[in-house]
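Try each task before reading its solution.

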Amino acid sequence: MMLDVKAGDDASFDLLLQKYRTPLINFLFRMVRDAATAEDLAQEVFMRVYRARKQYTPSAKFTTWLFRIATNVALNSVRDNRYRKLEISFDASTSDEEDAAPRELPAPEMRIDEHMVERDRCDFIRGVIASLPQKQRVAVLLHKYEEMDYGEIAKILDCSESALKSLLYRAYETLRGQLAPLAGRAGEGRLS
Amino acid sequence: MKCSDVSKDLIGYLDRRANSAERREVEEHLTACASCRTRAEELRKVWNVLDEVPSVEPSLGFDARLRQRIAAEPQPRWFRWFVPQPRLAFSMALLLALSIWMVKLPRENTVIRPMTAAQSEQEDFSAIKDLGVLENYDVVTKLDALSELVPPSDEQPEQPRQDKPSSND
């Protein structure tokens, strides 16, 4: 499809956009934890793809190339945002975590208090993922949510598959410790 | 297989991406090792917890905004190839300026003093003055005869001085 885009077929670019925008926005949202920023970054990723379409060579899978760009864009944003937050932290009167979360409408069958508990739970999980070291975080997101194979993730992170397996194990071990309070309920829920 | 060895393949075993040989090794170890079995079960629960995070949908204007940005991109033009890149143009200009400066450098170091009219006449006069001598061939041949003259010898006996009074007087 990307080769068609390279040849100047705009319809193929639209197909790429439809296919990858949702996974890309989700990946970026899990990286930066801000819905508006995630969309801006996704726009930037697609613009980079569009600008580089003439130079595209199918040496790797398109998704590898796309998520490699996305990873770089996200990590740059996280780094820039960290410095910005350091600058404004003295003046901040409210937490921006609430503003950052996307507005999720409660399910009709769910009571409002249940929805709040559910939302807090999701925020907690997102927070734990966000607290992982950058490389581990990217590895977990691509492995768990994008379901990429080890070879692809290793290429994106520029490491060997063996190093990636160790990286993933360390990341999941950290998550096992941090999410232990929630894991009990999840396990019970699944067994019942 | 040791517990430390199984840790690397445990994730692949849980996500079903490990090959059959790796799966068999991990299963054998889990059957024998209670602590690794517990850890594997906890990791499986964490896996389920991570599934609870809902995915987000792009906003309605996402595609339109992107198309707008693409439309605003400058289109490539046929003469663009001929337009030099700023860095290249700067480098070439610098190189050209350096070349001109180096070519001009020796000329600038050479001191050219303007000759006054009097100096010029003096030089012309000296050249004209010697011209007659050089044209007179006889004078040049006589110069050869001078070379045949015997130089004064140092061995000649010293003549007694007449004006000196003798001691016999």
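**Exercise 1.** How many residues does the contact take from chain B, and how many from chain A?

*Solution.* Some ground rules come first. This is a predicted model, in which local features need pLDDT of at least 70 and side-chain atom pairs count only at pLDDT 80 or more, while totals for chains, interfaces and linings use all residues. Residues are numbered from 1 along each chain as its sequence is written, and chains are lettered from A and ligands numbered from 1 in the order in which they are written.

Step 1: two residues are in contact if their C-beta atoms, placed from the backbone, lie within 7 Å.
Step 2: chain A contributes 34 residues and chain B 27 residues.

**Exercise 2.** Which helices of chain B each supply at least two residues of the side that touches chain A?

*Solution.* Step 1: helices (H or I, at least four residues) are DSSP runs, numbered from the N terminus.
Step 1: the helices are α1 (3-14), α3 (34-50) and α4 (62-71) of chain B.
Step 2: α3(B) gives the most, with seven residues.
Step 3: chain B as a whole has seven helices and zero strands.

**Exercise 3.** Is A:Lys6 buried or exposed, or partly exposed?

*Solution.* Step 1: a residue is buried with 20 or more other C-beta atoms within 10 Å of its own, exposed with 12 or fewer, and partly exposed in between, with C-beta atoms placed from the backbone.
Step 1: A:Lys6 is partly exposed, because 17 other C-beta atoms lie within 10 Å.
Step 2: leaving aside neighbours within four places in sequence, A:Lys6 is in contact with A:Arg53, A:Lys54 and A:Tyr56.
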